[in-house]
Each structure stands twice: as structure tokens, then as C-alpha cells.
Amino acid sequence: MQTVRDVMSTDVQYCTPLDNIYEVAVKMREFNVGAIPIVDDGRLVGMITDRDLVVRGMAEKHPGSTAVTEVMSRDLVTLSPDDSLQKAADVMARHQIRRLPVVENGRLVGIVALGDLATNRYSDESAGRALSEISEQHTVH
């Protein structure tokens with residue numbers, strides 16, 4: 001059985017609680033990512049998505065100098081590197097999330113994205129189902 005460890009990205013770009021939302025946006029642009037983990041001394045303490053920047057940042061008229069802690073999500077869904085790819089796909093579908101931080105002993109060790117599952121032959125069906133369910137939830141009627 002393949003695990004999250006087999007497909008996760010380990011070169012994860014992150015920010016710290018000392019950073020501001022402008023720095024997060026610049027990092028998203030520079031690395032072409034839509035989510036940045038917030039890490040304090042190796043421990044995952046939050047996550048900021050591009051949507052968070054818009055909804056909790058710009059829409060609430062926060063300046064770029066606003067601390068990341070003001071707009072980050074703290075109630076995170078995470079995976080263990082030893083979780084199965086099936087579990088990863090199920091969690092993504094259930095929580096409508098395309099990227100999940102991978103945590104081991106409280107420390108961020110990687111990120112697994114829906115695309116990581118989709119490129120793996122074992123989980124093609126699960127990833128496709130997860131993408132369908134996530135896409136259905138985000139479709140504007």
C-alpha cells in the first residue's frame with residue numbers, strides 16, 4: 001500500500017507568525033502556489049490560502065502589513081505521512097480541500113495536493129471522485 005509519504009511534496013514554502021500578509025502573497029506568486037503553511041519553530045500553527053487573503057484580508061480592508069495570524073486558518077485538517085492515499089482522497093473529498101499539510105509529531109513534513117493523488121495510478125479513481133466532489137461544492141449556480 002502506498003502512503004502519503006510516497007507522493008507528498010517535501011520542499012514546502014512557508015511563512016512564520018512574524019510575517020505579514022503581503023509577504024505571504026509575494027511567496028504565493030513567486031512559487032506559484034495557492035496555500036502557504038504558517039510554521040513556528042517547525043510546528044504547523046496555521047495555513048493561509050489565496051482565498052483567505054481575499055476574504056479575510058482585502059475584503060475586510062486589512063493592509064498588507066497585517067500579521068498572518070489575523071487571517072490564517074487555525075483549525076486545520078492534516079494527514080500523517082503514514083496515512084494511505086485512499087484516506088488522503090477521502091479526507092480531501094469530505095472536507096472539500098485540495099491541499100493538505102502533512103504533519104509528523106506536530107512538525108510540518110510535507111504537503112499533499114489533489115494533483116499528487118491524481119498522478120498516482122493507485123488512487124486515480126479516488127482522486128477523481130474527490131475532485132468531482134470538491135468541484136461540485138465550489139460551482140457557482
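Student: Let's start with N32. Where is the place of N32?

Tutor: N32 is in the loop between α2 and β1, and β1 covers residues 35-40. Helices here are DSSP runs of H or I with at least four residues, strands are runs of E with at least two, and both are numbered from the N terminus. A word on what you're looking at: this is a predicted model, where local features need pLDDT of at least 70, side-chain atom pairs count only at pLDDT 80 or more, and totals for chains, interfaces and linings use all residues. Residues are numbered from 1 along each chain as its sequence is written, and side-chain values use heavy atoms, with hydrogens and water left out.

Student: Which phi does N32 have, positive or negative?

Tutor: The general idea is that most residues other than glycine have a negative phi. N32 is not a glycine, yet its phi is positive, about 55°. D41 also isn't a glycine, and its phi is about 55°, on the positive side. You'll find D41 in the loop between β1 and β2, with β2 spanning 43-49.

Student: Is N32 buried or exposed?

Tutor: The relative accessible area decides that: under 20% is buried, over 50% is exposed, and in between is partly exposed, using a 1.4 Å probe and protein chains only. N32 has a value of 71%, so it is exposed. D41 is exposed as well, at 67%.

Student: And what about the protein overall, how many of its residues count as buried?

Tutor: Of its 141 residues, 40% count as buried. The protein has 6 helices and 4 strands, and along the sequence they follow the pattern α-α-β-β-α-α-β-β-α-α.

Student: How do I read a pair of packed helices, and at what angle do α2 and α3 cross?

Tutor: Two packed helices are described by the angle between their axes and the distance between the axes. An axis is a line fitted to C-alpha atoms, for helices over the stretch in contact, and angles run from 0 to 180 degrees between N-to-C directions. In this model, α2 (residues 21-31) and α3 (residues 50-58) have axes that come within 10 Å and cross at roughly 150°. That makes the two helices roughly antiparallel. The cut-offs are under 35 degrees for roughly parallel, over 145 for roughly antiparallel and 65 to 115 for roughly perpendicular, with the rest called oblique.

Student: Which residues of α2 and α3 make the contact?

Tutor: From α2 come I21, V24, A25 and M28, while α3 brings D50, L53 and G57. Contact means heavy atoms within 4.5 Å. I21 also turns up in another set of contacts: T66 touches D19, N20 and I21, leaving out residues up to four places away in sequence. T66 is in the loop between α3 and α4, and it is buried, at 8% relative accessibility.

Student: Now salt bridges. How many does a search of the whole structure find?

Tutor: Side chains of opposite charge can pair when their charged atoms come close. The test here is a side-chain nitrogen of Lys or Arg within 4 Å of a carboxyl oxygen of Asp or Glu. The search finds 4.

Student: Which residues are linked in a network of salt bridges?

Tutor: R5, D82 and E104. R5 meets D82 at 3.0 Å, N to O. R5 is in helix α1 (residues 4-7) and D82 is in the loop between α3 and α4 (85-95), so this pair, 77 residues apart, links distant parts of the chain. R5 also bridges to E104, with the closest N and O atoms 3.3 Å apart. E104 lies in strand β3 (residues 99-104), so this pair ties together parts that are 99 residues apart in sequence. R5 is partly exposed at 39%, D82 is partly exposed at 47%, and E104 is partly exposed at 30%.

Student: What about K87 and D83, how do their side chains meet?

Tutor: They form a salt bridge of 3.5 Å, N to O. K87 is partly exposed, at 40% relative accessibility, whereas D83 is buried, at 14%.
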